[in-house]
Amino acid sequence: MSITVALVGARGHTGAELIALLADHPTFDLVLASSRALVGERVADHIGGFVGDLRFCEARPDEVASCGADAVVLALPNDLSGPFVAALPDAVIVDLSADHRFDDRWHYGLPELTRQDAGGRKRIANPGCYATAMQLALAPFRDVLKGTPQCFGVSGYSGAGTTPSDKNDPEKLADNVQPYAPFDHIHEREVSRHINHRVRFLPHVGAYFRGISMTVSATLSERVDANQRLDDAYANEPLVRISATPPWVSDNAGKHHASVGGVAQRENELTIYATLDNLLKGAATQAVQNLNLAFGIREHEGIPLG
């Protein structure tokens, strides 16, 4: 069985990672890769491991629809997905932007926490990278959270995309950590909505390319065995590793799993750490999980688990 996939917004860092994953997937077949900057160039010349003569194209919504793909992944900036969604009433759509993460008509696809609702869904909102790290850290404690958890995150500059800015300029970031968006970051609102508890999030960009480090400090309504709760939640999750010590960004870079742990606990006060690769488990890997679930394939098919 071959399931065809179209990728809109293939030029970005996440698009490249997704193409590489699809190239090795035993079931999915990439039939369209849209990129205005690379029109006419062979995908194989840009993505190692991709085989074939598929070329990047600039595809309008009606052109994406006419290719007849079974699934379409939208890897576009925020606020651009609407015309494509409207043109694709029948295809499975996985949207990597924030456009539908607050829409109850769309399935919110963080599989370790929401897979029970994934069956048969054709509209899937991929979670944000920071939001994935925060939720994996906080979810085992949702029922005992008290007050407002504080989340301090640092992302590699690949999270700022490919459009040049201070947040993805290695020279300006050298020897620096740059804070930004001190209030109302979209991932703060996303996490608060999906764990049904308000959080505060303080994002930063660091002088490295890929990966997220998240430190979460929370007060609980009662003392619990935090390590046991993590084990109960994730012991059987191949893409969440439980770490006895605070995990390092470099240990997760290029890996498909998140690491959660390094618990520090004093009575009912808790600090927990999480890392993940923002381009993989924070985006492309999670998109493949969601595609697999949408088509009834084994969830981790095509994802290296080593």
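I looked up the sheet first: six strands form an open sheet with parallel pairing, in the order S2-S1-S3-S4-S6-S5. Strands here are DSSP runs of E with at least two residues, helices are runs of H or I with at least four, and both are numbered from the N terminus. Two strands count as paired if DSSP finds at least two bridges between them. The edges are S2 (28-34) and S5 (107-108), each with a single partner strand, so one side of each has no neighbour in the sheet.

The model is predicted; local features need pLDDT of at least 70 and side-chain atom pairs pLDDT 80 or more, while totals for chains, interfaces and linings use all residues. Residues are numbered from 1 along each chain as its sequence is written, and side-chain values use heavy atoms, without hydrogens and water.

I then checked S1 (residues 3-8), which runs parallel to S2 and is joined to S2 by six bridges. In this pair Ile 3 stands opposite Phe 28 of S2.

Next I took H10, which lies across S2, S3 (71-74), S4 (92-95) and S6 (123-125) and runs at about 160 degrees to S4. Axes are lines fitted to C-alpha atoms, for helices over the stretch in contact, and angles between N-to-C directions run from 0 to 180 degrees.

Last, I looked at H1 (residues 13-23) against H10 (residues 280-294): their axes come within 9 Å and cross at roughly 40 degrees. The contact (heavy atoms within 4.5 Å) involves, among them, Leu 18 and Leu 21 of H1 and Ala 284 and Val 288 of H10.
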